[in-house]
Amino acid sequence: METDQQEQDSRFGNAVRTRRAQLGVTLDQLAGTSGVSAAALSRVERGLLSPSLRNAIAIARGLGCDLSELVEPETAEIIRAGENLRFFDQASGIERLALARPGPDVELLSYTVPPGATSSRFAAHKPGTREIFHVFAGQLEVCTVQETVVLNAGDTATLRVDMEHWFTSTGKEPARLFLTVLGP
């Protein structure tokens, strides 16, 4: 157990040191922006000190990143078939699978939309957010308050979604698509 903790402390320390080097920031400068002493930061970077959650968050903020960017495992993240979060709307018959969320502002989803079914109206995302729709079966009409795009099997469209938006399956067969949400 202690070896696992030491390994985690070492990985966190390496991530802090790497990020600090990428930014060209000294230990003293990071101490100033994070509120964690330079001596403690040095020990963290060498894997000799396990910071409290409060200090780990302060270090991440001082480096201009999310804590998750400093503690993510180095191995591949695998979600096996059947382990995805599944959402099913009884009224419309639309099924959504959450496939991956590799970062706070990136999400990959899979949708199956029965013929004639319309999604709910999605509220505007943060300014600059885009969604990439790739239809691999059926036909899909994607609408925003500014435009409507019709996509057939094999088509891909990237749309700004910092406004209300929705989609409808307009073909005779269910629309099947991948949707990637990219935050600003």
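Hi everyone, let's start with a pair of charged side chains: Glu 45 and Arg 20 form a salt bridge, with their closest N and O atoms 2.6 Å apart. This pair ties together distant parts of the chain, since Glu 45 sits in helix H3 (residues 38-45) and Arg 20 in helix H1 (residues 2-23), 25 residues apart. Both Glu 45 and Arg 20 are buried. Please keep in mind that what you see is a predicted model.

How many salt bridges does the count come to? The answer is seven, and I'd like to show you two others.

One joins Arg 121 and Glu 164, whose side chains meet at 3.3 Å, N to O. Here too, distant parts of the chain are linked: Arg 121 lies in the loop between strand S3 (106-113) and strand S4 (130-137), while Glu 164 lies in the loop between strand S7 (156-160) and strand S8 (165-169), 43 residues apart. Arg 121 counts as exposed because its relative accessible area is 51%. Glu 164 has 31% relative accessibility, so that residue counts as partly exposed.

The other is between Glu 95 and Arg 86, with the closest N and O atoms 2.5 Å apart. Glu 95 is classed as partly exposed because its relative accessibility is 22%.

Take Glu 77, which is in the loop between helix H5 (67-71) and strand S1 (85-88). Its relative accessibility is 68%, so Glu 77 counts as exposed.

Key:
Residues numbered from 1 in each chain as written. Predicted model: local features only at pLDDT ≥ 70, side-chain atom pairs only at ≥ 80, totals over all residues. Heavy atoms only, no water. Helix = DSSP H or I, 4+ residues; strand = E, 2+ residues; numbered from the N terminus. Buried < 20%, exposed > 50% of the residue type's maximum accessible area, 1.4 Å probe, protein only. Salt bridge = Lys/Arg side-chain N within 4 Å of Asp/Glu carboxyl O.
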